Amino acid sequence: MDAWQTYPVEFRGGLITNLSPLQQGTNAPGSARILRNFEPSVEGGYRRIEGYDKYDSSIIPPYGAPVVHGASQSGTTLIIAAIHTTPVAGDTLEVAGVTGTYTIASGGVTYDATNNRATLTLSTSLASSPANAAAVTFKTTTSNYLTLGLAAWEDSAIVCKNADIFKTGGSGFTKINVPDYGTPLVDGGSQTGSSLVIDGLDSAPQAGDAFKIAGIDLIYTVTANATVSSGGATLAINPALASSPANNAVITFLSTSRESANKTRFAKYNFNGTEKIAIVDGLNEPALYDNTTFTVLLDSPADVVGATFVAEVKNHLFFAKGTTVTFTAPYTDTDFSVANGSGSINVGGTITALTVFRQQLIIFTENSIHQLTGTTIADFSLQPITIDIGCIDSDTIQEIGGDVMFLGPDGLRLLSGTDRLGDFGLAVVSKTIQSTMTGFISSNTSFTSCVIREKSQYRILGYNNNITQENAQGILATQFAPQGGEGMAWSETRGIRAYVADSDYNQNVEVVLFANNDGYLYQMESGNSFDGLNIQTTFATPHLPISDPRKRKTFYKLFLYTDPQGSVAFDVSLKLDFDSQGAIQPAPISILNTQGTVGFFGSGTFGITRFGTKLLKLFQTQVVGSGFTVSFQFESNDQNPPYSIDALTVEYGLNDRR
């Protein structure tokens with residue numbers, strides 16, 4: 001037997017699944033055949049991903065911001081109003097001014113969808129009678145309603161749930177789909193019945209709006225769209241007035257309906273120094289929000305009502321619905337007058353996404369991609385980029401490193417500029433993980449995506465209601481080249497269950513958020529666990545033939561180079577001879593740096609732990625095994641801080657050929 005030899009492997013290249021085992025082990029020894037919950041790091045090696053935790057400890061309100069409908073209620077019956085979705089038995093709630101938490105009894109919901117009211121039967125009696133319009137806060141829910149939209153925006157998040165839209169900075173949700181119709185007041189005393197004359201309006205209340213009247217019991221719902229004349233209108237309401245309001249009594253609108261909303265999407269823009277966000281949901285009129293006022297575009301044309309996508313470019317807002325893109329007049333977000341520069345363009349196919357690339361609007365269909373050149377209606381021109389390739393899921397489009405990533409029918413592609421003016425590249429960048437990508441697409445029913453700018457990283461996350469949280473799939477790409485797909489390195493994620501996701505970089509702080517159907521809003525890149533659950537990881541090197549695939553090697557020592565941030569604990573296994581049936585596999589070896597004198601917060605030992613001791617970065621261990629090829633497989637299942645595995649060397653003896 002020859003003397004011991006050393007074989008080094010630098011970990012880089014990411015997940016590869018399109019090569020045969022021997023090809024991968026020979027040509028890409030630093031790549032991975034399994035790379036799950038590790039990320040190819042721009043700092044080198046493979047780094048265990050960070051965890052996530054709740055961005056806000058409260059649940060996203062499932063039913064808006066309902067209020068008590070009428071004072072003097074008692075017992076186990078509670079009528080609430082300004083609610084646009086049916087509550088569920090088993091939900092728990094609190095009522096402002098009333099002590100206790102209450103549970104909806106089995107069969108205890110009667111819902112009036114026309115007038116947005118619900119009669120609840122509680123499992124216990126109210127401790128006292130609530131005031132009219134007292135806030136009702138749902139603390140838990142047994143419903144599985146999806147979060148329909150999410151935007152990380154400035155120092156807060158905008159989330160859409162059922163028929164309502166909320167804002168949170170991490171400490172409670174505030175409903176924002178509250179209409180602003182001016183300063184409405186009762187116009188004349190002694191009114192009775194099911195109509196109410198009001199004035200002080202600058203736009204028309206809509207059917208489904210809920211409001212209260214100062215000094216009057218009950219909550220009222222507008223039952224038909226109003227017509228405003230000289231600031232006044234007569235509202236059709238339900239129920240009839242409980243009593244006659246005083247002249248000039250203040251009217252406070254509590255809610256405007258966004259019922260039956262589909263997946264909700266956003267565009268962030270600033271035309272006049274005020275940051276705003278435009279909102280579309282595929283059914284209702286678009287809305288605008290400026291952190292204070294929620295404005296519904298009630299006068300928008302038919303091709304804008306129910307828009308599914310929105311984007312801002314060249315100082316216009318562009319709305320996509322069906323095959324048509326409609327844009328506002330320049331520097332406005334509400335003007336659809338053709339005379340002022342508004343217009344529409346038919347692209348000839350159902351639009352699946354809008355995005356902005358190098359100050360050009362890019363319009364995707366399932367089978368084509370177009371760009372809109374020009375700056376105003378006078379010179380806008382629709383030019384095809386390709387008529388053979390399209391985007392199959394709009395929520396996979398993200399800009400990363402100056403390119404646009406999107407999911408096509410054959411995998412992830414990059415829309416990128418070339419040296420030729422006006423030319424584009426459309427390379428498939430996921431070929432190295434084609435089999436993984438195909439399985440990922442077929443296993444999930446919808447997709448969302450986000451970028452982590454500080455890591456040059458793109459994440460596409462799959463959602464399937466039948467896949468549990470721990471098995472939820474995702475694919476992660478780190479871009480190492482300045483542009484293009486040649487420098488992409490891939491890995492998989494497990495345990496991030498996202499239906500919607502978004503990220504934003506504001507004041508040197510990046511926030512990455514996601515949500516699903518469990519009621520909470522989560523923040524990625526936060527903490528060392530999946531909201532209190534362990535992070536399970538697996539990294540397996542290719543099957544390495546080392547010097548000669550037909551000579552047997554005997555393995556003696558393993559040296560592992562790492563970059564830990566704290567305690568490290570994982571197992572390493574040798575998988576010999578392609579892990580084939582009948583091959584004897586050595587037992588796993590535990591790697592730990594929590595023993596000895598190094599101290600970690602909460603785990604120091606008096607008299608043993610030394611303050612300031614450096615973390616152990618090089619691990620060496622005896623290994624046992626003999627085979628023609630070897631793969632090193634690393635596994636962990638814990639809540640330790642992230643760590644990187646940078647490289648390894650293995651000492652072995654080369655046996656004679658037999």
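What is the volume of the largest pocket? In this predicted model, the largest pocket has a volume of about 1000 Å³. The protein has 658 residues, 55% of which are buried, and its secondary structure consists of two helices and 52 strands. The points below cover the overall build, the pockets, the cavity, the aromatic pairs and several individual residues.

**Overall build**

- The C-alpha trace of the protein spans about 110 × 65 × 45 Å along its principal axes.
- Among contacts between residues at least 6 apart in sequence, 62% join residues at least 24 apart.
- The protein exposes about 26900 Å², and carbon and sulfur atoms supply 48% of this area.

**The largest pocket**

- The largest pocket, with its volume of about 1000 Å³, is lined by 33 residues.
- Phe266, Thr355, Ile397, Gln398 and Asp502 are the lining residues that lie nearest the centre of the largest pocket.
- Two or more lining residues of the largest pocket come from each of the strands β12 (147–153), β22 (265–269), β26 (309–313), β30 (351–357), β34 (393–400), β38 (446–452) and β42 (500–506).
- Strand β34 supplies the largest share of the lining of the largest pocket, namely six residues.
- By class, the lining of the largest pocket comprises 15 nonpolar, eight polar and ten charged residues.

**The second largest pocket**

- The second largest pocket holds about 440 Å³ of space.
- This second largest pocket is lined by 23 residues, and Pro61, Gly64, Ala65, Val136 and Thr137 are the closest to its centre.
- The elements that give two or more residues to the lining of the second largest pocket are β11 (136–140) and β15 (173–175).
- Strand β11 gives the most to the lining of the second largest pocket, with four residues.
- The lining of the second largest pocket divides into 15 nonpolar, five polar and three charged residues.

**The enclosed cavity**

- The model contains one cavity of 30 Å³ or more, and the largest cavity has a volume of about 50 Å³.
- The largest cavity is lined by Leu148, Cys160, Asn162, Ala163, Asp164, Ile165, Arg258, Ala261, Thr264, Ile279 and Asp281.
- Six nonpolar, two polar and three charged residues make up the lining of the largest cavity.

**Aromatic pairs**

- The count of aromatic pairs comes to 31.
- One of these pairs joins phenylalanine 38 and tyrosine 643: the ring centres are 6.1 Å apart and the planes stand at 80°, so the pair is edge-to-face.
- This pair links distant parts of the chain, since phenylalanine 38 belongs to strand β3 (residues 38–40) and tyrosine 643 to strand β52 (residues 643–654), 605 residues apart.
- Both phenylalanine 38 and tyrosine 643 are buried.
- Phe11, Phe38, Tyr46, Phe539, Phe570, Phe634 and Tyr643 form one aromatic cluster.

**Asparagine 528**

- Asparagine 528 lies in the loop between β44 (521–524) and β45 (535–540).
- With a relative accessible area of 30%, asparagine 528 is partly exposed.
- Leaving aside residues up to four places away in sequence, asparagine 528 touches Arg48, Ile535, Asp638, Gln639, Asn640, Pro641 and Pro642.
- The contact partner Arg48 is 480 residues from asparagine 528 along the chain, and the two C-alpha atoms are separated by 9.8 Å.

**Backbone features in loops**

- Asparagine 238 and proline 239 are joined by a cis peptide bond, with omega about 0°.
- Proline 239 is placed in the loop between β20 (233–238) and β21 (251–255).
- Leucine 218, in the loop between β18 (210–213) and β19 (220–222), has a phi near 80°, a positive value in a residue other than glycine.
- Leucine 218 counts as buried because its relative accessibility is 17%, which falls under the 20% limit.
- Aspartate 579 also has a positive phi, near 55°, and is found in the loop between β47 (569–576) and β48 (589–592).
- Aspartate 579 counts as partly exposed because its relative accessibility is 40%, which lies between the 20% and 50% limits.

Key:
Residues are numbered from 1 along each chain as its sequence is written. This is a predicted model: local features need pLDDT of at least 70, side-chain atom pairs count only at pLDDT 80 or more; totals for chains, interfaces and linings use all residues. Side-chain values use heavy atoms; hydrogens and water are left out. On a 1 Å grid over the protein atoms alone, a cavity is a set of points where a 1.4 Å probe fits but cannot get out, and a pocket is an open set with protein on both sides within 12 Å along at least five of seven lines; lining residues have an atom within 4 Å of a point. Grid points are joined across faces, edges and corners, and a volume is the space filled by probe spheres set on the points. Ala, Val, Leu, Ile, Met, Phe, Trp, Tyr, Cys and Pro count as nonpolar, Asp, Glu, Lys and Arg as charged, and the others, Gly among them, as polar. Buried means under 20% relative accessible area, exposed over 50%, partly exposed in between (1.4 Å probe, protein chains only). Contact means heavy atoms within 4.5 Å. Accessible areas come from the Shrake-Rupley method with a 1.4 Å probe; for residues, only the protein chains shown count as cover. Rings of Phe, Tyr and Trp (its six-membered ring) pair if their centres lie within 6.5 Å; planes under 30 degrees apart count as stacked, over 60 as edge-to-face and the rest as tilted.
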